[in-house]
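Colleague: I have a structure open and would like to understand how it is put together. Could you walk me through it?

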Amino acid sequence: MGVVKDRKIAVANLKKLTEDPSKVLFVHYSQSNTFDDDDYGNISPIITSIVVKSLDGQIDQQFAIHFEADKADIPIDEIQYSYRDLELRILKSFNDFARRYSGCNWIHWDMKNIHFGFEAIKHRYEKIFGDLKDYNEIPINNKKNLRDIIEGMYGENFVDGPDTLKSLLKCNSKNIDNNVYISSSIESTEFERKNFDNVIKSVDLKVDFIKKATNKLIQRKLIVSNKNNYAVFVDTVNHPIFTFIGWIATIAGLIIAVVTLA
């Protein structure tokens with residue numbers, strides 16, 4: 001009964017958190033092991049870009065180190081000398097944004113710990129600013145991991161491969177790889193090579209797909225490689241054809257009953 005309960009909870013949570021599209025945000029970010037001179041030897045990767053989109057399409061916000069460098073007229077060949085200041089700018093901008101939208105539901109993909117997630121962003125903010133006096137903490141109940149919801153509906157092995165987000169994207173793209181998508185480790189390498197456009201495009205694609213996957217899940221159109229047995233059963237009995245057959249059988253039964261009584 002655990003699988004049945006997980007499915008019901010996942011469906012209920014998804015329905016509840018998307019009731020008001022204007023209050024549903026999708027977020028993802030990139031990080032890099034590149035450090036500036038003041039941060040040499042650090043063990044916490046710098047935050048290089050953050051992308052946020054809303055379910056209603058009204059918000060499409062990008063925070064990125066190279067955008068801040070452009071605003072400050074810092075040449076690309078000198079940008080490495082200002083990483084800390086530029087990271088500080090995007091962390092502050094994102095924090096101000098999060099404060100304005102802290103009441104929203106923030107849907108993410110495995111941003112769940114200090115190694116990668118909201119806690120990692122918080123850690124970098126505290127490290128650079130020195131304290132958390134002005135830091136806005138997004139309420140834990142407002143942070144929703146889409147992967148957990150999908151696992152609740154279809155089981156832990158809903159797709160194959162180590163990069164579950166990439167595998168899910170491929171499943172829902174006619175099994176065609178999207179070359180814009182790059183792994184988090186490659187995003188770090190591309191940042192180190194100053195291929196900033198490749199990084200922000202990858203993060204933007206990930207957020208866009210997390211949004212699309214949520215919509216597909218709501219409509220029961222999300223494609224996964226594997227489903228647990230209960231999910232297969234539920235999806236089968238809820239299929240339009242199965243429902244139509246059920247209605248035909250019900251009507252036929254009523255006709256037979258009426259004829260019999262007559």
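Colleague: Let's start in the sheet: which residue of β3 is the bridge partner of Ile 50?

Modeller: In β3 the bridge partner of Ile 50 is Phe 63, where strands (E, at least two residues) and helices (H or I, at least four residues) are DSSP runs, numbered from the N terminus. Before we go on, please keep in mind that this is a predicted model, in which local features need pLDDT of at least 70 and side-chain atom pairs count only at pLDDT 80 or more, while totals for chains, interfaces and linings use all residues. Residues are numbered from 1 along each chain as its sequence is written, and side-chain values use heavy atoms, with hydrogens and water left out.

Colleague: How do β2 and β3 pair, and what sits between them?

Modeller: They pair in the antiparallel sense over five bridges, and two strands count as paired if DSSP finds at least two bridges between them. The two strands form a hairpin with five residues between them, and Gly 57 in the turn has a positive phi of about 80°.

Colleague: And what is the strand order in the sheet?

Modeller: Five strands form an open sheet in the order β3-β2-β1-β4-β5, with mixed pairing. The edge strands, each pairing on one side only, are β3 (60-64) and β5 (143-145). From one strand to the next the twist averages 25°, with axes being lines fitted to C-alpha atoms, for helices over the stretch in contact, and angles running from 0 to 180 degrees between N-to-C directions.

Colleague: Is β2 enclosed or open to the outside?

Modeller: Nine of the nine residues of β2 are buried, so this strand is largely enclosed by the rest of the structure; buried means under 20% relative accessible area, exposed over 50%, and partly exposed in between, using a 1.4 Å probe and protein chains only.

Colleague: Which strands does helix α7 lie across?

Modeller: Helix α7 (residues 184-192) lies across β1 and β2, and runs at about 60° to β1.

Colleague: Changing topic, how many salt bridges are there?

Modeller: The structure holds 15 salt bridges, each being a side-chain nitrogen of Lys or Arg within 4 Å of a carboxyl oxygen of Asp or Glu. In one of them the side chains of Glu 87 and Arg 124 meet at 2.8 Å, N to O. Glu 87 lies in helix α3 (residues 83-100) and Arg 124 in helix α4 (residues 118-129), so this pair ties together parts that are 37 residues apart in sequence.

Colleague: Are those two buried or exposed?

Modeller: Glu 87 is buried, and so is Arg 124.

Colleague: What does Asp 110 pair with?

Modeller: Asp 110 forms a salt bridge with Arg 147, their closest N and O atoms being 2.8 Å apart. Salt bridges that share partners join Asp 110, Lys 112, Arg 147 and Glu 151 into one network.

Colleague: One last thing: how many residues of helix α6 are buried?

Modeller: Six of the eight residues of helix α6 (residues 164-171) are buried, so the helix is mostly covered. The buried residues include Leu 165 and Cys 171, and the buried residues of α6 pack against α5 and α8 (196-218), where contact means heavy atoms within 4.5 Å.
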